[in-house]
Amino acid sequence: MEENLGKVARLLDASGDEPGMPTDRKPLGELSVVLAPGDYTVRSACAGVHGVEVSIVHSEKPTMTVPYRCDAVLERFIRHAGGPITIRAVAPLDKLAAAGVTLQPNTDPRASELQDMSEWSAQQLQPRLPGEFAGSAASRSTTGHGVSADAGSYEVQFLCEGAPEAELTVSSWAGAQILAPVLVPCNGEVFTSRVELQTNGADFTMAPSAEVKTRYAFKLVPTP
């Protein structure tokens, strides 16, 4: 156990007496704190078993359980609304496992940008409809995104924000154009069009009318 405790401390670059670090009395780390609203990074490391889980309980969100293997350090981005949070390591029973957890403010702007994008796209093109295939993207130049839709009849729903306009094209994975290039105003209104997908898979290609960061939310909704 002493060897396992030392390995966890080295992996997390933390001292053994920090909150959330394992000890010989409590070999599975647990951290309960009250946080200000913001973006954070959860890190965890383990030793003595093949893998463990990290349980994250915060705000009114469902408990997040993240499994990982002990041959690597877990790093998990979270956006916290403020208030209490509890992070604990959970390991298999009857094992001499040691695991620690740490929490720091997020320092990777890319992770925060991805979360911003995820939250924005989730608010667009509501409500969610049965059988839909949705995606999102952001770029200053031409970009693409594929969705694994089955062959069939669909309605394209598309919305953009950033540039004044964006050119949208939709093609099948087989290379057939199913929606010819169309210029869509990025004014918050939803563009819709009926399309027929003869083969599985569709690629959305978006090109902003100006070199400014533009984000897109889009989906294919099955139609009778």
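1. Asp13 is exposed, its relative accessible area being 72%. Buried here stands for under 20% relative accessible area, exposed for over 50%, and partly exposed for what lies in between, with a 1.4 Å probe and protein chains only. Asp13 sits in the loop between α1 (2–12) and β1 (30–35). Its phi is near 50 degrees, a positive value in a residue other than glycine. For background, most residues other than glycine have a negative phi, and most peptide bonds are trans.

2. On the basis of the note: this is a predicted model, in which local features need pLDDT of at least 70 and side-chain atom pairs count only at pLDDT 80 or more, while totals for chains, interfaces and linings use all residues. Residues are numbered from 1 along each chain as its sequence is written, and side-chain values use heavy atoms, with hydrogens and water left out.

3. On the overall fold: the protein chain has two helices and 15 strands. Both kinds of element are DSSP runs numbered from the N terminus, helices being H or I with at least four residues and strands E with at least two. Of the contacts between residues at least 6 apart in sequence, 74% join residues at least 24 apart; a contact means heavy atoms within 4.5 Å.

4. On overall dimensions: the radius of gyration of the protein chain is 23 Å, whereas a compact globule of 224 residues would have a value near 17 Å. The radius is taken over C-alpha atoms, and the globule rule is 2.2 Å times the number of residues to the power 0.38. Along the principal axes, the C-alpha atoms fill a box of roughly 65 × 35 × 30 Å.

5. On surface and burial: buried residues account for 44% of the 224 residues. The accessible surface of the protein chain is about 12,100 Å², and 51% of this belongs to carbon and sulfur atoms. These areas come from the Shrake-Rupley method with a 1.4 Å probe; for residues, only the protein chains shown count as cover.

6. On charge: the protein chain carries 18 positive and 27 negative side chains, and the centres of the two sets are 4 Å apart. Lys and Arg count as positive and Asp and Glu as negative, with His and the chain ends not counted. Each charge is placed at NZ of Lys, CZ of Arg, CG of Asp or CD of Glu.

7. On salt bridges: the structure holds 12 of them, each being a side-chain nitrogen of Lys or Arg within 4 Å of a carboxyl oxygen of Asp or Glu. One of them pairs Lys26 with Glu30, the closest N and O atoms lying 3.9 Å apart. Lys26 is partly exposed at 45% relative accessibility, and Glu30 is also partly exposed, at 33%.

8. Another salt bridge joins Glu119 and Arg79, with 3.2 Å between the closest N and O atoms. This pair links distant parts of the chain, Glu119 being in helix α2 and Arg79 in strand β5 (residues 74–80), 40 residues apart. Glu119 counts as partly exposed at 31% relative accessibility. Asp39, Arg79, Asp116 and Glu119 are linked in a network of salt bridges.

9. The side chains of Lys219 and Glu132 form a salt bridge at 2.8 Å, N to O. Lys219 is in strand β15 (residues 214–222) and Glu132 in the loop between α2 and β8, so the pair ties together parts 87 residues apart in sequence. Lys219 is buried, with a relative accessible area of 1%, and Glu132 is buried at 13%.

10. The loop between α2 (109–123) and β8 (133–139) also holds Pro130. Pro130 is exposed at 73% relative accessibility. The C-alpha atoms of Pro130 and Val221 are 8.0 Å apart in space, and the two residues are 91 apart in sequence.

11. Leu125 is in the loop between α2 and β8, and its phi, near 50 degrees, is a positive value in a residue other than glycine. Leu125 counts as buried at 10% relative accessibility. Pro127 is found in the loop between α2 and β8, and a cis peptide bond joins Gln126 to Pro127, with omega about 0 degrees.

12. Arg43 is in strand β2 (residues 38–47) and is buried at 18% relative accessibility. Leaving out residues up to four places away in sequence, Arg43 touches several residues, including Leu11, Leu12, Val73, Glu75 and Thr102.
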